Amino acid sequence: MNSPAKHIDHTLLKADATSADIATLCEEAVEYGFASVCISSCYVPQARRLLYGSEVAVCTVVGFPLGSQTTDTKVFETRQAVASGAAEIDMVINLGAARDGDFVAVLEDVRRVVAAAKNATVKVIIECCLF
């Protein structure tokens, strides 16, 4: 039977998270069989090392938490994260553009991040509470 844990991203995105916190997160992810750990990009190399040989993917965020960064910034973050070992990218859309109804800009933002991610999975975060 497929474990429900295989559908969970074990996440720690607190600004004050430490490398010890990330190590604990990775240990828990392996122990419980989570799909991934979702962490700030500065911890991607550490998580990649700690999770090497496991089935747990390394995920990081771009444009987090507000989505108001430029698309070029999100593309840079994505390329750097993938080069550091991230297998998944969770991006935050430009909420202001979405609230303006400028879905062409939102689509372009997503399209460019997906292109920069190459073979990494991209998930789109929409902060629904802000709409």
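The sulfur of Cys-59 lies 3.7 Å from the closest cysteine sulfur, that of Cys-38, which is too far for a bond. The criterion for a disulfide is a pair of cysteine sulfur atoms within 2.5 Å, and the structure holds zero disulfides. Cys-26 is likewise in no disulfide, the nearest cysteine sulfur being that of Cys-38, 12 Å away. Cys-59 counts as buried because its relative accessibility is 0%; Cys-26, with a relative accessible area of 2%, is buried as well. Buried here denotes under 20% relative accessible area, exposed over 50%, and partly exposed the range in between, with a 1.4 Å probe and protein chains only.

The model is predicted: local features need pLDDT of at least 70 and side-chain atom pairs count only at pLDDT 80 or more, whereas totals for chains, interfaces and linings use all residues. Residues are numbered from 1 along each chain as its sequence is written, and side-chain values use heavy atoms, with hydrogens and water left out.

Five strands form an open sheet in the order 1-2-3-4-5, with parallel pairing. Strand 1 (9-12) and strand 5 (121-125) are the edge strands, each pairing on one side only. On average, neighbouring strands of this sheet are turned by 25° against each other, direction ignored. Strands and helices are DSSP runs numbered from the N terminus, with at least two residues (E) for a strand and at least four (H or I) for a helix; two strands pair if DSSP finds at least two bridges between them.

Strand 2 and strand 3 run parallel and are joined by four bridges, and Ser-36 stands opposite Ala-57 in strand 3. Helix 2 packs on the sheet, where it touches strand 2 and strand 3, and its direction makes about 165° with that of strand 3. Such angles run from 0 to 180 degrees between N-to-C directions, the axes being lines fitted to C-alpha atoms, for helices over the stretch in contact. Pro-45 has its place in helix 2 and counts as partly exposed because its relative accessibility is 28%.

Strand 3 also pairs with strand 4 in the parallel sense, over four bridges. Between these two strands, what handedness does the unit with helix 3 have? Strand 3, helix 3 (residues 71-84) and strand 4 make a right-handed β-α-β unit. Right-handed means that, with the strands pointing away from the viewer, the path from the first strand over the helix to the second runs clockwise.

Thr-60 belongs to strand 3 (residues 57-62) and stands opposite Ile-89 in strand 4. Thr-60 counts as buried because its relative accessibility is 0%. Not counting residues up to four places away in sequence, its contacts (heavy atoms within 4.5 Å) include Ile-39, Val-44, Ala-81 and Ile-89.

Strand 4 is mostly covered, five of its five residues being buried. Glu-88, Asp-90 and Val-92 point one way from this strand, while Ile-89 and Met-91 point the other way. Strand 4 pairs with strand 5 in the parallel sense over five bridges, and Met-91 stands opposite Val-124 in strand 5.

With 17% relative accessibility, His-10 counts as buried. Leaving aside neighbours within four places in sequence, His-10 is in contact with residues including Leu-25, Phe-34, Val-37 and Cys-38.

The packing can also be followed through the nonpolar cores, each a set of buried Ala, Val, Leu, Ile, Met, Phe, Trp, Tyr and Cys residues joined through side-chain atoms within 4.5 Å. The largest nonpolar core has 30 residues, of which Val-37, Ile-39, Ala-47, Leu-51 and Ile-89 touch the most other members. Among the elements that give two or more residues to this core are helix 1 (19-32), strand 2 (36-39), helix 2 (44-51), strand 4 (88-92) and helix 5 (103-117). Apart from this core lies another, of five residues, among them Cys-38, Cys-59, Val-61 and Ile-125. Ala-47 touches Cys-26, Val-37, Ile-39 and Val-58, not counting residues up to four places away in sequence.

Helix 5 also contains Ala-105, which counts as partly exposed because its relative accessibility is 30%. The C-alpha atoms of Ala-105 and Asn-94 are separated by 8.2 Å, the two residues being eleven apart along the chain.
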